[in-house]
Amino acid sequence: MIKRKVVPWIGFLTVLLLWSTEGFAISENENHELPAEEEFQPGEFIMEHIGDAYEWHILTYKDFHLSIPLPVILYSKYSGFHVFMSARFGHGHNTWKGFRISQEEPHRGKIVEGLGNGTVVKPLDLSITKNVLAVFVSVIVLLWLFIAVAKKYERTRGKAPTGFQNMIETVILFIRDDVARPSIGERHYERFMPYLLTLFFFILANNLMGLIPVFPFGANVTGNIAVTGILAFFTLMVTTLSGNRHYWKDIFNAPGVPWWLKVPIPMMPVIELFGMLTKPLVLMVRLFANITAGHIIAMGFFSLIFIFGSMDPALGWAVSPLTVVFTIFMGILEILVAFIQAYVFTLLSALYFGMATAEQHGT
Amino acid sequence: MELINPGTGLVFWMLVSFGILLLLLGKFAWKPILRALKEREDTINEALENAERTREEMARIRADQDEIIRHTKVERETILREAREIKTQIMMEAREKAGEEAEKLMKEARLTIENQKNRVLQDIEEQITRLSVEIAEKVLRQNLDNKEKQKELIRSLIKDVKMN
């Protein structure tokens, strides 16, 4: 039983190690022009941790960089498709086939293609970045967990839930009875349950995984505007596609509004249309800002050690217990925030679905 | 500005992964889980309703029982009372009948005695007549020679008659 569970993990780790040896090999031969005494830059340090990257940086010790290179997938109008490992960039210092990681605005941190005549263009970039890999990991973890739970339900049909299944069931029932039912109503809520559950557990899993600082976790997935944007986009799509007659009537011909607000200049419809779009936008920004802010604060407390350490090593040691306490406090707060934000996103989505499917005004 | 500038790769892969996650979880996880939860809730509700119904049924049966027992008690009382009444009535009737019977018997006895007496009287009359005739015959046969002897004869004759 134990062996059967361990084998895939060993396989997984082996693949990771083989993958990362390329990184090692290149790292050791590297010759950076680093300043002799590198100043600690808390701003850069934090930004690096909350931002996306083409490689998964694990640790840096003196000149030695341990990072896992990730595949870069590019399509350029000028040179076609390119697929290669990000190790070719040598941690952002090298140029490979005219591509490099831009160090200046407006494409700072993104891959750009330098054409021969000195102009710089941005190719279509479908690289498996750190956040993409973290999303994949979370998708695999979620599929594995919930399909296992579903199997257990089928195996113990009609019996009381036990163990992990029981824990998950509490959350599922919470989403069903305290989020979906009151927000959407008894008639339509069942239709939205799969989406709401997936949304909740995806956000929660990524929030929590972002708090674990060990590979393959610790990426700032739900604090990335692209991820929250896609989640909000899904909510917008579901809302729009399930909107009934009343929903659209409220937008284009809101009842109880003077006619001159609709004709000849359709002021109210335009405002309502904006309202329709701002709802998901707010969802997107709220999740992004909350998680990013949490990471920034936690990393900021953590940076205090090095800021004081760069003044005097003894001061760094003296401050560290206090900052560790602060960081732990922030970590606990972040766990709370992880649940709250997942809940808020799901609840608001459910409320929007409820508006879209409401039979009558005010119900 | 890097922070709020979404990466195209991330947008694309996120769209794909979340879409796949939604489909797979919806089909292989949420559907069976939600169905199992609903089934279990239905089973529990049904069991509770059944229990409630059974309890009501039990209460009704007990009430019925009590009713039957009470009814039986009342019936028993009535039967006993009726039995007692019948008993007294029968006894009274029996007594009456016995009295009547006795009276009838007495009457009959009296009648018989009367008859008997009459017949005896008749007999006596006949005897007396017959004896008188006999006596007269004897007297006539003796030829009445002696007055004294005649008297004695008559006396003995009468004595004989008396004896009879």
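**Close-up views of a two-chain predicted model**

**View 1. The interface of chain B and chain A.** In this predicted model, 35 residues of chain B touch 53 residues of chain A. About 3900 Å² is buried between the two chains. Carbon and sulfur atoms give 75% of that area. On the chain B side, B:Leu3, B:Leu10 and B:Trp30 stand out: they supply 18% of the area that chain B buries against chain A, more than any other three residues.

**View 2. Salt bridges between the chains.** Five salt bridges are found across the interface of chain B and chain A. One salt bridge pairs B:Glu39 with A:Arg157. The closest N and O atoms of B:Glu39 and A:Arg157 lie 3.0 Å apart.

**View 3. Helices H3 and H4 of chain A.** H3(A) covers residues 130-155. H3(A) and H4(A) pack at an angle of about 105 degrees, and their axes are 10 Å apart. Angles of 65 to 115 degrees count as roughly perpendicular, so H3(A) is roughly perpendicular to H4(A). From H3(A), the contact takes A:Leu145, A:Phe146, A:Val149, A:Lys152 and A:Tyr153. From H4(A) come A:Phe164, A:Gln165, A:Ile168 and A:Glu169. By class, the contact of H3(A) with H4(A) has six nonpolar residues, one polar and two charged.

**View 4. Helices H4 and H5 of chain A.** H4(A) spans residues 163-184, and H5(A) spans residues 189-209. The two helices pack at about 130 degrees, with axes 10 Å apart. H4(A) and H5(A) are therefore oblique to each other. The crossing of H4(A) past H5(A) is right-handed. H4(A) contributes A:Ile168, A:Val171, A:Ile172, A:Ile175, A:Arg176, A:Ala180, A:Arg181 and A:Ile184 to the contact. H5(A) answers with A:Tyr189, A:Phe192, A:Met193, A:Leu196, A:Leu197, A:Phe200 and A:Phe201. The contact of H4(A) with H5(A) counts 13 nonpolar residues, two charged and no polar. A:Ile168 of H4(A) takes part here and also in the contact with H3(A).

**View 5. Helices H6 and H9 of chain A.** H6(A) is formed by residues 225-242, and H9(A) by residues 313-357. Their axes come within 8 Å and cross at roughly 20 degrees. Angles under 35 degrees count as roughly parallel, so H6(A) runs roughly parallel to H9(A). H6(A) passes H9(A) in a crossing that is right-handed. On H6(A), the contact residues are A:Thr228, A:Leu231, A:Ala232, A:Thr235, A:Val238, A:Thr239 and A:Ser242. They meet A:Phe345, A:Ser349, A:Tyr352, A:Phe353, A:Ala356 and A:Thr357 of H9(A). Seven residues of the contact of H6(A) with H9(A) are nonpolar, six are polar and none is charged.

Technical notes
Residues are numbered from 1 along each chain as its sequence is written. Chains are lettered from A and ligands numbered from 1 in the order in which they are written. This is a predicted model: local features need pLDDT of at least 70, side-chain atom pairs count only at pLDDT 80 or more; totals for chains, interfaces and linings use all residues. Side-chain values use heavy atoms; hydrogens and water are left out. Axes are lines fitted to C-alpha atoms, for helices over the stretch in contact, and angles run from 0 to 180 degrees between N-to-C directions. Helices (H or I, at least four residues) and strands (E, at least two) are DSSP runs, numbered from the N terminus. Angles under 35 degrees count as roughly parallel, over 145 as roughly antiparallel, 65 to 115 as roughly perpendicular and the rest as oblique. A crossing is left-handed if the near helix is turned anticlockwise from the far one by less than a right angle, and right-handed if clockwise. Contact means heavy atoms within 4.5 Å. Ala, Val, Leu, Ile, Met, Phe, Trp, Tyr, Cys and Pro count as nonpolar, Asp, Glu, Lys and Arg as charged, and the others, Gly among them, as polar. Buried area is the accessible area (1.4 Å probe) that two parts lose on being put together, summed over both. A salt bridge is a side-chain nitrogen of Lys or Arg within 4 Å of a carboxyl oxygen of Asp or Glu.
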